[in-house]
Amino acid sequence: MLEERLPPVAGSYLLWFFLARRQTIAIGRLGVLEFKRGWYGYCGSAYGPGGLKARLGHHLRVADRPHWHIDYFKVKASLRLIWLEKHAAREHLWSNLLEQLPGFSLPCPGFGASDCACVSHLLYCPARAGLRAAAAELAAVGTLTRLRLP
């Protein structure tokens, strides 16, 4: 089981979701938004009790009471990949680096970034091929562990 492989230490993560078709999704206080078909990356960090294991465990389940913006999004999208780095604060760096890659964009300003200076922690890439460039970019700044969901 994937949850058993998650480390109970602090760190950063990047969730990759696939949205199979254009959808309108209500994202908490951000309102009702239109999302295109494609890949969405969500950068986050886990520094509370249980670290990455606890936070990613939350993201692997549907939230009974949505708390974060991603809790609303993940009900409609399919989580396919998890990238993580143990013992590193990378969520802001990753979102800023990936935003600069060709083909990537920020589809929803403020998403996941209400407590920082980033424009957004949600990135959009229309094709899976863009994820290879993203992996190379992030591996150049740290030790990236990549997990595929069944």
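Helices are DSSP runs of H or I with at least four residues, numbered from the N terminus. The views below use these labels on a predicted model.

**View 1. Ala134 sits in helix H4.** Buried means under 20% relative accessible area. Ala134 has 0% relative accessibility, so this residue counts as buried. Neighbours within four places in sequence are set aside here; beyond them, Ala134 is in contact with Trp16, Trp83, Leu98, Leu101 and Phe104. Ser78 and Ala134 lie 56 residues apart in sequence, and their C-alpha atoms are 19 Å apart in space.

**View 2. Helix H4 is shown with its buried residues.** These are Gly130, Leu131, Ala134, Ala135 and Leu138. Which part of the helix do the buried residues line? Seen down the axis of H4, they fall within an arc of 145 degrees, so they line one face of the helix. An α-helix has 3.6 residues a turn, so residues three or four places apart point the same way.

**View 3. The buried residues of H4 pack against strands and a helix.** The strands are S1 (11–19), S4, S5, S6 (122–125) and S7. The helix is H3.

**View 4. The largest pocket has a volume of about 340 Å³.** Its lining has 17 residues, and the closest to the pocket centre are Tyr42, Trp68, Gly112, Ser114 and Asp115. Which elements give two or more residues to this lining? They are strand S4 (38–46), helix H2 (69–73) and helix H3 (91–99). S4 gives the most, with three residues. By class, the lining of the largest pocket has four nonpolar, nine polar and four charged residues.

**View 5. The second largest pocket has a volume of about 160 Å³.** Leu81, Trp83, Arg128, Leu131, Arg132, Ala135, Arg146, Leu147 and Arg148 line this pocket. Strand S5 (78–86), helix H4 (129–139) and strand S7 (145–148) each give two or more residues to the lining. How many polar residues does the lining of the second largest pocket have? By class, there are no polar residues, five nonpolar and four charged.

Key: Residues numbered from 1 in each chain as written. Predicted model: local features only at pLDDT ≥ 70, side-chain atom pairs only at ≥ 80, totals over all residues. Heavy atoms only, no water. 1 Å grid on protein atoms, 1.4 Å probe; cavity = no way out; pocket = protein on both sides within 12 Å on 5 of 7 lines; lining within 4 Å. Points joined across faces, edges and corners; volume = space filled by probe spheres on them. Nonpolar A, V, L, I, M, F, W, Y, C, P; charged D, E, K, R; others polar. Buried < 20%, exposed > 50% of the residue type's maximum accessible area, 1.4 Å probe, protein only. Arc of directions from axis to C-beta. Contact = heavy atoms within 4.5 Å.
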